[in-house]
Amino acid sequence: MQNPFISNNKNLFYYILLWAVIATVHILYIIRNYDFGLSISISDGLFFNFSFALLGLGLWYLIKYSVWDERDNIQVIVNLFLGALVIISLWIGFNELILRLIFSESIDYHNFLKSFRFWRISLAVFYYILIILIYYVIIYYVRLQEKKSAEIELKRNITEARLNLIRNQVNPHFLFNSLNSISSLTLSDAAKARSMIGRLSNFLRNSLSHEPNSLISLDEELKNCSEYLEIERVRFSEKFVFKFNLPSDLRSVLIPNMLLQPIFENAIKHGVQENTGNTDLICEIKKINNSVQILVKNTLEEKSNSRKTGTSFGQKNIKERLSLIYNGKANCSFRIENNLYIAEINLPIHYHKDSIRSESPSLS
């Protein structure tokens, strides 16, 4: 940490200005109370005050290595006492010597220097204490800000690590299911297996091109989900149809990457796969006040209503990602209504990444 008065031109200006005011008051006091002449009065005020101002800048290095929480308290006290003794002695001795030499013919001024020495020492002690207190306040304030910044950075790193962990849980889960699907097709339909491998390759390429906690537009997210559903269509043929309803004014709304894919995966695994007939898979997106509502629905057969549809694993991941990224300003729910399994997500509308970063430390 550098001396705050030297490292900042503005602070240095105010520091010099303060000592200029003190020197002016000093000079006016001597002129009013003593008949030494203008040259002696100005010289006394300038020499004594600006020499102490210079010593005050050097005090920073004594304070920097005499911080109470880093050194033994007795050692700090000894350092400060010795520093005061040396600085005040040099200040008094040097200035008196120079001024005596300059104004060697003024006996009255020589007597003034001698008689006024006690008051100069008292004033120097006051200046010394005031300067070291200011330095200590600055040091502890800067450390407090650094500590807060470190805590924020640590919180951000922890949050990002949790997001990475969640994302790493989702991808292998999907990959495992896809590879099982490909494995089942290799013997029965090699052409479909090759088609599925190609689509899987495209899907993974799109997925891995983004960071786990990055934000993408709704339009891009649904395109990735469409790739996923086309992969599953190879496996299930015409057993399901999907439809996306995305208004044009919401296409550029930002959402977390790969947020919807686990919902569609859940619909395939616990809807399409278990239904004996065709399954309708619908994604409806609409604006409600300042939020965007995303509804993913898939039809269920009567026998499925009494069974658990989906796993808490995927649902838990989605809820935790929303909590980490949006700080409680987003929510999701999962329910069954009239032979429909409905996953609902409500997010605040953001068109720029910075607007989400300002609300959450998880995005950087």
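Biologist: Where does Y61 lie?
Modeller: Y61 lies in helix 3. Please bear in mind that this is a predicted model.

Biologist: Is Y61 buried, partly exposed or exposed?
Modeller: Y61 has a relative accessible area of 47%, so it counts as partly exposed.

Biologist: And what separates the C-alpha atoms of Y61 and Y135?
Modeller: A distance of 9.9 Å separates them, although Y61 and Y135 are 74 residues apart along the chain.

Biologist: Staying with helix 3, how do the axes of helix 2 and helix 3 cross?
Modeller: The axes of helix 2 (residues 9–33) and helix 3 (residues 38–64) cross at roughly 150 degrees and come within 8 Å. Angles over 145 degrees count as roughly antiparallel, and helix 2 and helix 3 are therefore roughly antiparallel to each other. Their crossing is right-handed.

Biologist: Which residues of the two helices meet?
Modeller: From helix 2, the residues include Y15, W19, A23, H26 and I30. From helix 3, they include L38, I42, G45, N49, F52 and G56.

Biologist: What about helix 3 and helix 5?
Modeller: The axes of helix 3 and helix 5 (residues 107–115) come within 12 Å and cross at roughly 30 degrees. This crossing, too, is right-handed. I40, D44 and F48 of helix 3 make the contact with Y109, F112 and L113 of helix 5.

Biologist: Next topic: where is S89, and is it buried, partly exposed or exposed?
Modeller: S89 is in helix 4 (residues 73–102). With a relative accessible area of 44%, S89 is partly exposed.

Biologist: What does the side chain of S89 reach?
Modeller: The side chain of S89 reaches the backbone oxygen of L85 at 2.6 Å.

Biologist: Which residues is I345 in contact with?
Modeller: Leaving aside neighbours within four places in sequence, the contacts of I345 include L259, L260, I263, I294, I318 and L322. N331 and C332 are also among them.

Biologist: How do helix 8 and helix 9 pack?
Modeller: Helix 8 and helix 9 pack at an angle of about 25 degrees, with their axes 9 Å apart. Angles under 35 degrees count as roughly parallel, and helix 8 and helix 9 are therefore roughly parallel to each other. Their crossing is right-handed. E221, C225, Y228, L229, E232 and F236 in helix 8 meet Q261, F264, E265, I268 and V272 in helix 9.

Biologist: How many residues of helix 9 are buried?
Modeller: Eleven of the twelve residues in helix 9 (residues 261–272) are buried, and the helix is thus mostly covered. Among the buried residues are E265, N266 and H270, as well as I263, F264 and I268.

Biologist: Turning to the strands, where is T279, and is it buried or exposed?
Modeller: T279 is in strand 4 (residues 279–288). T279 counts as buried because its relative accessibility is 1%.

Biologist: What does the side chain of T279 make a polar contact with?
Modeller: It makes a polar contact with the side chain of N275, at 2.8 Å. Beyond four places in sequence, T279 is in contact with K239, F240, V241, G271, V272, N298 and T299.

Biologist: Finally, the loops. What is the phi of N289, and of N339?
Modeller: Phi of N289 is near 55 degrees, a positive value in a residue other than glycine. N339 is not a glycine either, and has a positive phi of about 60 degrees.

Biologist: Where do they lie, and are they buried or exposed?
Modeller: N289 is in the loop between strand 4 and strand 5 (291–299), and counts as exposed at 68% relative accessibility. N339 lies in the loop between strand 6 (331–337) and strand 7 (340–348). With a relative accessible area of 25%, N339 is partly exposed.

Notes: Residues numbered from 1 in each chain as written. Predicted model: local features only at pLDDT ≥ 70, side-chain atom pairs only at ≥ 80, totals over all residues. Heavy atoms only, no water. Helix = DSSP H or I, 4+ residues; strand = E, 2+ residues; numbered from the N terminus. Buried < 20%, exposed > 50% of the residue type's maximum accessible area, 1.4 Å probe, protein only. Polar contact = N/O pair within 3.5 Å; in protein donor to acceptor, adjacent residues only side chain to side chain. Contact = heavy atoms within 4.5 Å. Axes fitted to C-alpha atoms, helices over the stretch in contact; angles between N-to-C directions. Parallel < 35°, antiparallel > 145°, perpendicular 65-115°, else oblique. Left-handed = near helix turned anticlockwise from the far one by under 90°.
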